[in-house]
Amino acid sequence: MTIDSSFQKPLKQGGLSAIPADIKIRTKERTFGHPHPYLNGNFYPVFEETVENEGIECEVVGTIPEVLRGSQYIRTGPNSLNVPADGAPHHFFTGEGMLHGVYFESEADPKGPIRPRYMNRYVRSDFFKKQNDHGYLHVPLGIIMTPTPFFKFIFHIFWFYIKMAWYKVTNIGDGNTALTYFGSRLLALHEGGKPVETAVPSLNTTGEYYFEEDPNHKDKNAVVTAHPKIDPRTGEMIFFSYSLHKPLAFYSVISAEGKRKVWRQKVALLKPSMMHDFATTDTYSIMLNCPMFFEPGNMFKGKPTLAFDPTAKARFGLLPRYYNDKSDKVYWFETRACHIFHTANAWDERDKDGSIVAVCMTACRSNGFVRDITLWQPSGPDNYGGGKTEAERLIQHKAPGSGDYDSQDPDKAFLTLFRFVLATGETELTTLCQISSEFPVINFDRYMRPDLQYVFSASTEESAFNVGTKFNGIVKTDVHAVIRKKNDLQASGKLKNANIGGEGQWEIGAETLAAVQTQTGQTHRFGPHIYGNEAMFVVNAPRSDGQPLAEDDGFLLVYIYDERQMENGVPKDKARQVTELWIFDAKKIGQDIDPVAKVKIPRRVPYGFHGLHLTKEQIQENQEFLARRAATAAAAARAK
């Protein structure tokens, strides 16, 4: 691949980032890696931000697609302001949010070069500010999700609530999980708190979002899940929140104008449970009540307080879009125990008369909660820190697709079709891909459509002892190809012979699935020692001939880090760290196909979670909105 001739500037390594003046915490530089797996190597936070709002110019290898001109790719993730001491409890999900963005700056000349600039910012939420002032305040997930003695657990929980009250914390949302664009705002999300508004392209925090009908910002219940859904047709934002107290879950729908069409309607659950994501169709929303339960009694059994129960059923609740808890019913479906972090798509399946016969959903499903997520600092004579034991790593698991779920690796997630049949109450499971993956992404312009064909997900690196979960490539799955094969086998009467029957009766068979995957799927592994995260899909520009774009006509953007820049868990040369933003043609995700462009960022971008792409028009809309709001506030101040 060649250097883009329109932009051949060298990397600028120093002088353009610094620890911000408002940061009071000063972390001592390490000479060896932190012992906690999720604070070691490229999981370790960075403490500098790019200076002012201009960012750092980046070298480009290849040619940046024209559709990215004037747009911005942003990804968030946990970046601990107060790094726990060696031996202190910690969890992968814990840490203040930090946004890392690449702004594809365009000059006045519409045919001039696209100059990518990197910028990063902490999400300066109320929680961030209180931690910056008073030290470590986090809810101790490292205590809740690992085996903890009773008195130690009680001490940490009570101490957390005392600090929350004493320091008057109003929002524990730190924006470290995901991003969405709604109401001319970029919102940084964390499922425990309120969304945090962010300006683009600067990534500066501009406030908290309480929704239009609370202009005084006093509603303490404006909590949003990390994964709200935006209906591409109506512009509505649909979300839920969950609690440890009855009724345990709430459901809301916000109009495109910011009005509360449905607000905190109660959804009763059997037990308090972790619910990270959900899905929506034109008609229903699907609540995922997997058996990751909060069980206080576990602390007396040597088990985590928040733990997966393999003996319980996974439950899926179908709510009408405009659900009213006083008049509407939740339709519950069940499967064997499983866990789902993320969904990809959902749709209503209709018969020839237009009646809904089933609700379908695609999601990354694992037989258990992936234990490598809850690693703790290795300790004891065996140096064990959670996850699989060495003996468990020697077990030879079968490839998915036969319906023999007990023989699959319970710590791997596989893209799966869930079909909830309304007439019978049955749930049909069909595995769609044999490659373990997470962070499923689609062409979101086609969300909720039954004709959506492709899912792009991040392939999971094989589990290693005391090493955090990493993602080593991109998987492109043709959902329709597997569904067609299942329907063909069913029509010919051969489906019952392709699987072991019972709860696995809707699987097409492991060998058949492997063949379909080989014929229709695409994969790209980044290479030895090279890891990434979620790959964000960006739709291509409209065709000049006016014809509709193919569903996969677009590009995938993903941050990549080569771990050969690390030694003993710390950077070999802190001043010369490089992260790359790889840009793939989404139609061609083959192992031998290079990205169309690589943006070389002269900074380390730690591993994180979810991202978002904002168009040039959305950036302009956000800037105009913030300008109007500032002018209104100034006029109100003068009037006083």
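On a 1 Å grid laid over the protein atoms alone, a pocket is an open set of points with protein on both sides within 12 Å along at least five of seven lines, while a cavity is a set of points where a 1.4 Å probe fits but cannot get out; lining residues have an atom within 4 Å of a point. Grid points are joined across faces, edges and corners, and a volume is the space filled by probe spheres set on the points. The structure here is a predicted model, in which local features need pLDDT of at least 70 and side-chain atom pairs count only at pLDDT 80 or more, whereas totals for chains, interfaces and linings use all residues. Residues are numbered from 1 along each chain as its sequence is written, and side-chain values use heavy atoms, with hydrogens and water left out.

The second largest pocket comes out at about 1400 Å³. Its lining runs to 50 residues, and Phe444, Asp445, Leu612, His613 and Gln618 sit closest to the centre. At least two lining residues come from each of β8 (178–182), β12, β22 (339–350), β26 (437–441), β31 (536–539), β37 (611–614) and α8 (616–639). By class, the lining holds 25 nonpolar, 15 polar and ten charged residues (Ala, Val, Leu, Ile, Met, Phe, Trp, Tyr, Cys and Pro count as nonpolar, Asp, Glu, Lys and Arg as charged, and the others, Gly among them, as polar).

What about the annotated histidines? An unreviewed UniProt entry marks His227, His276, His342 and His610 as "binding site"; positions follow the numbering used here, feature names are shortened, and such annotations may be inferred rather than shown by experiment. The four span 384 residues in sequence, yet no two of their C-alpha atoms are more than 12.9 Å apart, so they gather at one spot. His227, His342 and His610 also belong to the lining of the second largest pocket.

His227 sits in the loop between β11 (205–208) and β12 (229–230), and His276 in the one between β15 (260–268) and β16 (278–280). Buried means under 20% relative accessible area, exposed over 50%, and partly exposed in between (1.4 Å probe, protein chains only). At 10%, His227 is buried, and His276 is buried with a value of 10%. Contacts are heavy atoms within 4.5 Å. Setting aside residues up to four places away in sequence, His227 touches Ala178, His276, Asp277, Phe278, His342 and His610. With neighbours within four places likewise left out, the partners of His276 include Glu191, His227, Phe240, His342 and His610.

Elsewhere, a nonpolar core is a set of buried Ala, Val, Leu, Ile, Met, Phe, Trp, Tyr and Cys residues joined through side-chain atoms within 4.5 Å. The largest such core has 45 residues, with Ile286, Phe316, Ile340, Met361, Phe418 and Phe420 making the most contacts inside it. Elements giving two or more residues to this core include β17 (284–289), β22 and α7 (510–520). A separate core of 28 residues includes Leu141, Ile143, Leu375 and Ala458.

Technical notes: Helix = DSSP H or I, 4+ residues; strand = E, 2+ residues; numbered from the N terminus.
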